[in-house]
Amino acid sequence: MTLPPPPYVPPPPAYAPAPPRPSTLRAERDGAVLRVELDSPETGNAVTGAMLDDLLTVLAVPDPDVRVLVLSGAGDDFCLGGDRGEFADWLDADPTGRGIRIAGEKARRVCEAISTSHAVTIARIQGRAIGAGLALALACDLRVGADTAGFRLPELALGLPTAWGGVLPRLIHEVGAARARELILTGRAFDAAEAHELSVLQRIVPEDGLDAAVAAWTKPIVRRPEAALRVTKALLNSYAAPTRLADPAVLDAELMATVAAATRRR
(Lines give C-alpha, C1' and ligand atoms only; values in the text may rest on other atoms or scores of the structure.)
Protein backbone atom coordinates (compact mmCIF):
# COMPACT_ATOMS: atom_id res chain seq x y z
CA MET A 1 0.00 0.00 0.00
CA THR A 2 1.40 3.37 -1.05
CA LEU A 3 0.98 6.16 1.47
CA PRO A 4 0.14 9.67 0.21
CA PRO A 5 2.92 12.20 0.41
CA PRO A 6 2.91 14.29 3.57
CA PRO A 7 1.45 17.79 3.28
CA TYR A 8 3.92 20.45 2.28
CA VAL A 9 5.20 22.47 5.19
CA PRO A 10 7.11 25.61 4.17
CA PRO A 11 10.48 26.04 5.82
CA PRO A 12 10.70 28.61 8.59
CA PRO A 13 11.87 32.04 7.49
CA ALA A 14 15.58 32.70 7.68
CA TYR A 15 14.85 35.40 10.24
CA ALA A 16 11.85 36.35 12.31
CA PRO A 17 10.54 39.85 11.66
CA ALA A 18 11.11 42.20 14.54
CA PRO A 19 7.98 42.90 16.55
CA PRO A 20 6.64 46.42 16.11
CA ARG A 21 8.03 48.77 18.72
CA PRO A 22 5.57 50.48 21.05
CA SER A 23 4.67 54.04 20.18
CA THR A 24 6.16 56.81 22.29
CA LEU A 25 3.13 59.04 21.71
CA ARG A 26 -0.60 59.06 22.16
CA ALA A 27 -2.43 61.12 19.54
CA GLU A 28 -6.15 61.80 19.79
CA ARG A 29 -8.30 63.84 17.43
CA ASP A 30 -11.37 65.61 18.84
CA GLY A 31 -13.02 67.60 16.09
CA ALA A 32 -10.68 70.44 15.16
CA VAL A 33 -8.34 69.69 18.11
CA LEU A 34 -5.43 67.25 17.93
CA ARG A 35 -3.93 66.21 21.26
CA VAL A 36 -0.43 64.75 21.17
CA GLU A 37 0.93 63.34 24.42
CA LEU A 38 4.54 62.27 24.95
CA ASP A 39 3.97 58.82 26.41
CA SER A 40 7.12 57.49 28.07
CA PRO A 41 6.40 58.44 31.69
CA GLU A 42 8.84 55.85 33.05
CA THR A 43 11.70 57.93 31.58
CA GLY A 44 10.15 61.32 32.23
CA ASN A 45 9.23 61.42 28.52
CA ALA A 46 12.91 61.69 27.59
CA VAL A 47 13.28 62.42 23.89
CA THR A 48 14.67 59.49 21.92
CA GLY A 49 15.24 58.88 18.24
CA ALA A 50 12.06 56.78 18.24
CA MET A 51 10.05 59.62 19.77
CA LEU A 52 11.35 62.04 17.15
CA ASP A 53 10.28 59.59 14.43
CA ASP A 54 6.83 59.33 15.98
CA LEU A 55 6.50 63.11 16.25
CA LEU A 56 7.49 63.52 12.62
CA THR A 57 4.89 60.93 11.60
CA VAL A 58 2.19 62.98 13.33
CA LEU A 59 3.44 66.47 12.44
CA ALA A 60 5.15 66.25 9.06
CA VAL A 61 1.91 66.07 7.05
CA PRO A 62 -0.54 68.27 8.96
CA ASP A 63 -4.30 67.77 8.76
CA PRO A 64 -5.82 70.96 7.29
CA ASP A 65 -8.94 70.52 9.44
CA VAL A 66 -6.97 70.74 12.70
CA ARG A 67 -7.19 74.24 14.21
CA VAL A 68 -5.45 73.54 17.54
CA LEU A 69 -2.64 71.13 18.44
CA VAL A 70 -2.09 70.49 22.15
CA LEU A 71 1.28 69.02 23.17
CA SER A 72 1.50 67.43 26.62
CA GLY A 73 3.43 64.79 28.56
CA ALA A 74 2.21 61.72 30.44
CA GLY A 75 3.10 61.17 34.07
CA ASP A 76 4.75 63.55 36.49
CA ASP A 77 6.86 65.54 34.02
CA PHE A 78 6.33 67.20 30.67
CA CYS A 79 9.75 66.16 29.35
CA LEU A 80 13.13 65.68 31.03
CA GLY A 81 15.12 66.37 27.85
CA GLY A 82 17.14 64.15 25.56
CA ASP A 83 17.92 60.55 26.48
CA ARG A 84 21.56 60.74 27.61
CA GLY A 85 21.94 56.96 27.53
CA GLU A 86 21.00 56.95 23.87
CA PHE A 87 23.48 59.78 23.23
CA ALA A 88 26.22 57.63 24.75
CA ASP A 89 25.16 54.63 22.66
CA TRP A 90 25.33 56.72 19.48
CA LEU A 91 28.83 57.88 20.35
CA ASP A 92 29.91 54.31 21.13
CA ALA A 93 28.60 53.19 17.74
CA ASP A 94 30.23 56.08 15.86
CA PRO A 95 32.63 58.38 17.78
CA THR A 96 32.25 61.05 15.08
CA GLY A 97 28.69 61.68 16.29
CA ARG A 98 26.78 60.54 13.21
CA GLY A 99 23.81 59.32 15.30
CA ILE A 100 23.61 62.67 17.08
CA ARG A 101 23.64 64.49 13.73
CA ILE A 102 20.75 62.40 12.46
CA ALA A 103 18.71 62.93 15.63
CA GLY A 104 19.55 66.63 15.68
CA GLU A 105 18.23 67.09 12.17
CA LYS A 106 15.03 65.28 13.15
CA ALA A 107 14.72 67.55 16.20
CA ARG A 108 15.00 70.64 14.00
CA ARG A 109 12.28 69.33 11.70
CA VAL A 110 10.00 68.49 14.64
CA CYS A 111 10.31 71.95 16.21
CA GLU A 112 9.88 73.67 12.85
CA ALA A 113 6.76 71.59 12.18
CA ILE A 114 5.33 72.74 15.53
CA SER A 115 6.23 76.40 15.15
CA THR A 116 5.20 76.73 11.50
CA SER A 117 2.03 74.64 11.76
CA HIS A 118 -1.09 76.33 10.40
CA ALA A 119 -2.77 75.18 13.63
CA VAL A 120 -2.36 77.10 16.88
CA THR A 121 -0.03 75.00 19.04
CA ILE A 122 -0.40 74.84 22.84
CA ALA A 123 2.10 73.35 25.31
CA ARG A 124 0.49 71.94 28.47
CA ILE A 125 3.31 71.68 31.04
CA GLN A 126 3.40 69.91 34.38
CA GLY A 127 6.43 68.87 36.40
CA ARG A 128 9.72 69.60 34.70
CA ALA A 129 10.55 70.78 31.20
CA ILE A 130 14.29 70.42 30.79
CA GLY A 131 16.58 70.88 27.78
CA ALA A 132 14.85 69.36 24.77
CA GLY A 133 11.58 69.44 26.71
CA LEU A 134 11.85 73.20 27.06
CA ALA A 135 12.71 73.43 23.36
CA LEU A 136 9.53 71.57 22.41
CA ALA A 137 7.49 73.89 24.64
CA LEU A 138 9.08 77.03 23.21
CA ALA A 139 8.21 75.89 19.70
CA CYS A 140 4.50 76.20 20.64
CA ASP A 141 2.49 79.40 20.22
CA LEU A 142 0.89 79.28 23.66
CA ARG A 143 2.28 77.74 26.85
CA VAL A 144 0.46 77.09 30.10
CA GLY A 145 2.22 75.56 33.07
CA ALA A 146 1.34 74.25 36.50
CA ASP A 147 2.39 76.55 39.32
CA THR A 148 4.72 73.74 40.47
CA ALA A 149 6.45 73.38 37.08
CA GLY A 150 10.22 73.77 36.79
CA PHE A 151 12.56 74.55 33.91
CA ARG A 152 16.25 74.25 33.13
CA LEU A 153 18.76 74.28 30.26
CA PRO A 154 21.60 72.04 31.55
CA GLU A 155 23.42 71.37 28.28
CA LEU A 156 26.57 73.36 29.07
CA ALA A 157 27.07 71.46 32.34
CA LEU A 158 26.81 68.24 30.32
CA GLY A 159 29.53 69.37 27.92
CA LEU A 160 27.11 70.20 25.10
CA PRO A 161 26.10 73.39 23.32
CA THR A 162 22.56 74.71 23.60
CA ALA A 163 21.79 73.53 20.10
CA TRP A 164 18.69 71.37 19.87
CA GLY A 165 15.70 72.04 17.66
CA GLY A 166 16.45 75.75 17.28
CA VAL A 167 15.95 76.41 20.99
CA LEU A 168 18.54 79.20 21.24
CA PRO A 169 17.03 81.72 18.78
CA ARG A 170 13.54 80.99 20.10
CA LEU A 171 14.66 81.51 23.70
CA ILE A 172 16.43 84.78 22.86
CA HIS A 173 13.36 85.97 20.95
CA GLU A 174 10.96 85.13 23.78
CA VAL A 175 12.93 86.18 26.88
CA GLY A 176 15.63 88.53 25.57
CA ALA A 177 19.35 88.03 25.02
CA ALA A 178 20.52 89.07 28.50
CA ARG A 179 18.17 86.73 30.37
CA ALA A 180 18.79 83.88 27.93
CA ARG A 181 22.55 84.30 28.41
CA GLU A 182 22.23 84.00 32.19
CA LEU A 183 19.97 80.94 32.05
CA ILE A 184 22.23 79.12 29.60
CA LEU A 185 25.62 79.96 31.12
CA THR A 186 24.59 79.15 34.70
CA GLY A 187 22.26 76.26 33.79
CA ARG A 188 20.21 77.11 36.89
CA ALA A 189 16.66 75.91 37.38
CA PHE A 190 13.80 78.41 37.39
CA ASP A 191 10.24 78.00 38.55
CA ALA A 192 6.85 78.67 37.00
CA ALA A 193 6.58 82.19 38.42
CA GLU A 194 9.88 83.22 36.82
CA ALA A 195 8.95 81.40 33.62
CA HIS A 196 5.80 83.53 33.47
CA GLU A 197 7.81 86.69 34.11
CA LEU A 198 10.15 85.70 31.25
CA SER A 199 7.25 84.86 28.89
CA VAL A 200 8.36 81.23 28.74
CA LEU A 201 4.82 80.70 30.04
CA GLN A 202 1.89 82.93 29.17
CA ARG A 203 -0.19 81.53 32.00
CA ILE A 204 0.30 79.57 35.23
CA VAL A 205 -2.44 77.65 37.04
CA PRO A 206 -2.71 74.92 39.68
CA GLU A 207 -1.89 71.56 38.13
CA ASP A 208 -5.50 70.38 38.33
CA GLY A 209 -6.49 73.45 36.32
CA LEU A 210 -4.28 72.75 33.30
CA ASP A 211 -7.01 71.11 31.21
CA ALA A 212 -9.43 73.95 31.94
CA ALA A 213 -6.80 76.51 30.96
CA VAL A 214 -6.12 74.70 27.67
CA ALA A 215 -9.86 74.53 27.00
CA ALA A 216 -10.22 78.27 27.70
CA TRP A 217 -7.74 78.95 24.89
CA THR A 218 -9.01 76.21 22.58
CA LYS A 219 -12.73 77.01 22.54
CA PRO A 220 -12.53 80.48 20.97
CA ILE A 221 -9.74 79.48 18.57
CA VAL A 222 -11.70 76.62 16.97
CA ARG A 223 -14.58 79.03 16.30
CA ARG A 224 -12.40 81.37 14.25
CA PRO A 225 -12.83 81.24 10.46
CA GLU A 226 -10.27 78.80 9.09
CA ALA A 227 -8.75 81.08 6.45
CA ALA A 228 -8.42 84.04 8.85
CA LEU A 229 -6.83 81.85 11.50
CA ARG A 230 -4.35 80.32 9.04
CA VAL A 231 -3.30 83.70 7.63
CA THR A 232 -3.03 85.29 11.08
CA LYS A 233 -0.76 82.47 12.26
CA ALA A 234 1.39 82.94 9.15
CA LEU A 235 1.56 86.70 9.78
CA LEU A 236 2.61 86.22 13.39
CA ASN A 237 5.39 83.87 12.31
CA SER A 238 6.50 86.22 9.53
CA TYR A 239 6.66 89.30 11.73
CA ALA A 240 8.45 87.41 14.50
CA ALA A 241 11.12 86.05 12.18
CA PRO A 242 12.96 89.35 11.50
CA THR A 243 13.26 90.12 15.21
CA ARG A 244 15.31 86.96 15.68
CA LEU A 245 18.05 88.51 13.49
CA ALA A 246 19.40 85.07 12.64
CA ASP A 247 18.12 81.54 13.02
CA PRO A 248 20.99 79.16 12.30
CA ALA A 249 19.03 76.13 13.51
CA VAL A 250 20.23 74.19 10.46
CA LEU A 251 23.63 74.09 12.20
CA ASP A 252 22.31 72.68 15.50
CA ALA A 253 22.79 69.02 14.62
CA GLU A 254 26.34 69.58 13.37
CA LEU A 255 27.29 71.68 16.41
CA MET A 256 25.83 69.20 18.88
CA ALA A 257 27.51 66.21 17.23
CA THR A 258 30.88 67.91 16.86
CA VAL A 259 31.07 69.12 20.46
CA ALA A 260 29.75 65.82 21.87
CA ALA A 261 32.37 63.87 19.90
CA ALA A 262 35.15 66.23 21.00
CA THR A 263 34.06 66.11 24.64
CA ARG A 264 33.91 62.31 24.51
CA ARG A 265 37.48 62.11 23.15
CA ARG A 266 38.76 64.32 25.95
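**Note on a predicted protein chain**

1. L25 stands opposite L38 in β2. Six bridges join β1 to strand β2, residues 33–38, and these two strands run antiparallel. Strands pair when DSSP finds at least two bridges between them. Helices (DSSP runs of H or I, at least four residues) and strands (runs of E, at least two) are numbered from the N terminus.

2. Before you read on, note what kind of model this is. It is predicted: local features need pLDDT of at least 70 and side-chain atom pairs count only at pLDDT 80 or more, while totals for chains, interfaces and linings use all residues. Residues are numbered from 1 along each chain as its sequence is written, and side-chain values use heavy atoms, with hydrogens and water left out.

3. Now the whole chain. The protein chain holds 10 helices and nine strands. Of its 266 residues, 46% are buried. Here buried is under 20% relative accessible area, exposed is over 50%, and partly exposed lies in between (1.4 Å probe, protein chains only). The accessible surface comes to about 13,900 Å², and carbon and sulfur atoms account for 60% of this surface. Such areas come from the Shrake-Rupley method with a 1.4 Å probe; for residues, only the protein chains shown count as cover.

4. How far along the chain do contacts reach? Take the contacts between residues at least 6 apart in sequence: 74% of them join residues at least 24 apart. A contact is a pair of heavy atoms within 4.5 Å.

5. Which strands make up the open sheet, and in what order? The order is β1-β2-β3-β4-β6-β9, six strands with mixed pairing. At the edges are β1 (25–30) and β9 (203–205), each of which pairs on one side only. On average, neighbouring strands of this sheet are turned by 20° against each other, direction ignored. Helix α1 (residues 49–59) packs on the sheet and touches β1, β2 and β3 (68–73). The direction of α1 makes about 175° with that of β2. Axes are lines fitted to C-alpha atoms, for helices over the stretch in contact; angles run from 0 to 180 degrees between N-to-C directions.

6. With β3, β2 pairs in the parallel sense over six bridges. E37 has S72 in β3 as its bridge partner. In the hairpin of β1 and β2, two residues lie between the strands, and G31 takes a positive phi near 65°.

7. Follow R35 next. R35 is found in strand β2 and is the bridge partner of E28. Is R35 buried or partly exposed? Its relative accessibility is 32%, so R35 counts as partly exposed. Leaving out residues up to four places away in sequence, R35 touches R26, A27, E28, D30 and V70. R35 and L71 are 36 residues apart in sequence, yet their C-alpha atoms are 6.2 Å apart in space.

8. C140 sits in the loop between α4 (132–138) and β6 (142–146). With a relative accessible area of 3%, C140 is buried. C140 and L69 are 71 residues apart along the chain, with 9.0 Å between their C-alpha atoms.

9. Two residues stand out by their phi. Most residues other than glycine have a negative phi. N45 is not a glycine, but has a positive phi of about 60°. N45 lies in the loop between β2 and α1, and counts as buried because its relative accessibility is 0%. S199 is not a glycine either, and its phi is positive, about 70°. S199 lies in the loop between α7 (192–197) and β9. At 35% relative accessible area, S199 is partly exposed.

10. Last, a pair of helices. Helix α2 (residues 84–93) and helix α3 (residues 98–115) pack at about 130°, with their axes 7 Å apart. The two are therefore oblique to each other. Angles under 35 degrees count as roughly parallel, over 145 as roughly antiparallel, 65 to 115 as roughly perpendicular, and the rest as oblique. Which residues meet here? F87, W90 and L91 in α2 meet G99, I100 and A103 in α3. By type, the residues of this contact are five nonpolar, one polar and no charged. Nonpolar means Ala, Val, Leu, Ile, Met, Phe, Trp, Tyr, Cys and Pro; charged means Asp, Glu, Lys and Arg; the others, Gly among them, are polar.
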